[in-house]
Amino acid sequence: MASHFLLLGILAIVCSTALASDPSPLQDFCVADLKNPVLVNGLVCKNPKIVQAKDFSFSGLNLAGNTTNAVGSQVTPVFVAQLAGLNTLGISMARIDFAPGGINPPHTHPRASEILTVLHGTLNVGFVTSNPENRLIMKVLQTGDVFVFPQGLIHFQQNIGPTNAVAIAGLGSQNPGVITIANAVFGSNPKITSDLLAKAFQVNPYVINLIQSRF
């Protein structure tokens, strides 16, 4: 009997691991039909007989993003919404441009790990492990360096060089999702109550109200 429970436990672990990423394709490809109103876990496939080469291509990553904003960076995503051929393939990518001093603020990807390659410039990058350690793992990257951010962990990038910087990120989901911590905590709709956040951050509610007014 004990061996049966052990077998069931192993099967449960294997099944949960198999289901913990984007669905695997059951055909050569499943180009997303972005106009189909049917809601599924992913996107409905376009009829393969009308699929064309343009469904598998994206142009524009050679163009610099506009970094004249509050954080001094711009992310150009190539997710399934921009490249329909990514549907069910479990991958995507993005270009990230940084002005000097610009940051990609602390954020998470709930559905993907990320691998970042610096194409130009000097970036200070890092992530924070989960509770209770909350350990900061951080490194300065130069052109050609690569760094990995594990799925779901808070991470960031900062341009610490004197010139613009560019990086390319690969992600393990067609739709990795992005949760920017500051936006989520201080800019939610409706707002999280200031007394709750004041207790969480151990500050005066006035401070919370001031921060929330900026989001």
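Trainee: Which residues do ring pairs link into a cluster?

Mentor: This is a predicted model, and in it ring pairs join Phe127, Phe147 and Phe149 into a cluster.

Trainee: How many aromatic pairs does the structure hold?

Mentor: There are five aromatic pairs. In one of them, the ring centres of Phe29 and Phe56 are 5.4 Å apart with the planes at 80 degrees, so the pair is edge-to-face.

Trainee: Where do Phe29 and Phe56 lie?

Mentor: Each lies in the loop between helix 1 (2-18) and strand 1, so the pair ties together parts that are 27 residues apart in sequence.

Trainee: And what about the rings of Phe147 and Phe149?

Mentor: Their centres are 5.2 Å apart and their planes are at 55 degrees, so that pair is tilted.

Trainee: Are Phe147 and Phe149 buried or exposed?

Mentor: Both Phe147 and Phe149 are buried. Phe29, by contrast, has 30% relative accessibility and therefore counts as partly exposed.

Trainee: What is Phe149 in contact with, leaving aside neighbours within four places in sequence?

Mentor: Its contacts include Leu116, Val125, Phe127 and His155. Phe149 also belongs to the largest nonpolar core, which has 14 residues.

Trainee: Which strands each supply at least two residues of this core?

Mentor: Strand 2, strand 4 (114-120), strand 5 (123-128), strand 7 (146-149) and strand 9 do.

Trainee: Changing topic, what volume does the largest pocket have?

Mentor: About 430 Å³. Its lining has 20 residues, and Val75, Asn104, Pro105, Val178 and Thr180 lie nearest the centre.

Trainee: How do the lining residues divide into nonpolar, polar and charged?

Mentor: The lining has 12 nonpolar residues, seven polar and one charged. Strand 1 gives the largest share, four residues.

Definitions and conventions: Residues are numbered from 1 along each chain as its sequence is written. This is a predicted model: local features need pLDDT of at least 70, side-chain atom pairs count only at pLDDT 80 or more; totals for chains, interfaces and linings use all residues. Side-chain values use heavy atoms; hydrogens and water are left out. On a 1 Å grid over the protein atoms alone, a cavity is a set of points where a 1.4 Å probe fits but cannot get out, and a pocket is an open set with protein on both sides within 12 Å along at least five of seven lines; lining residues have an atom within 4 Å of a point. Grid points are joined across faces, edges and corners, and a volume is the space filled by probe spheres set on the points. Ala, Val, Leu, Ile, Met, Phe, Trp, Tyr, Cys and Pro count as nonpolar, Asp, Glu, Lys and Arg as charged, and the others, Gly among them, as polar. A nonpolar core is a set of buried Ala, Val, Leu, Ile, Met, Phe, Trp, Tyr and Cys residues joined through side-chain atoms within 4.5 Å. Buried means under 20% relative accessible area, exposed over 50%, partly exposed in between (1.4 Å probe, protein chains only). Contact means heavy atoms within 4.5 Å. Rings of Phe, Tyr and Trp (its six-membered ring) pair if their centres lie within 6.5 Å; planes under 30 degrees apart count as stacked, over 60 as edge-to-face and the rest as tilted.
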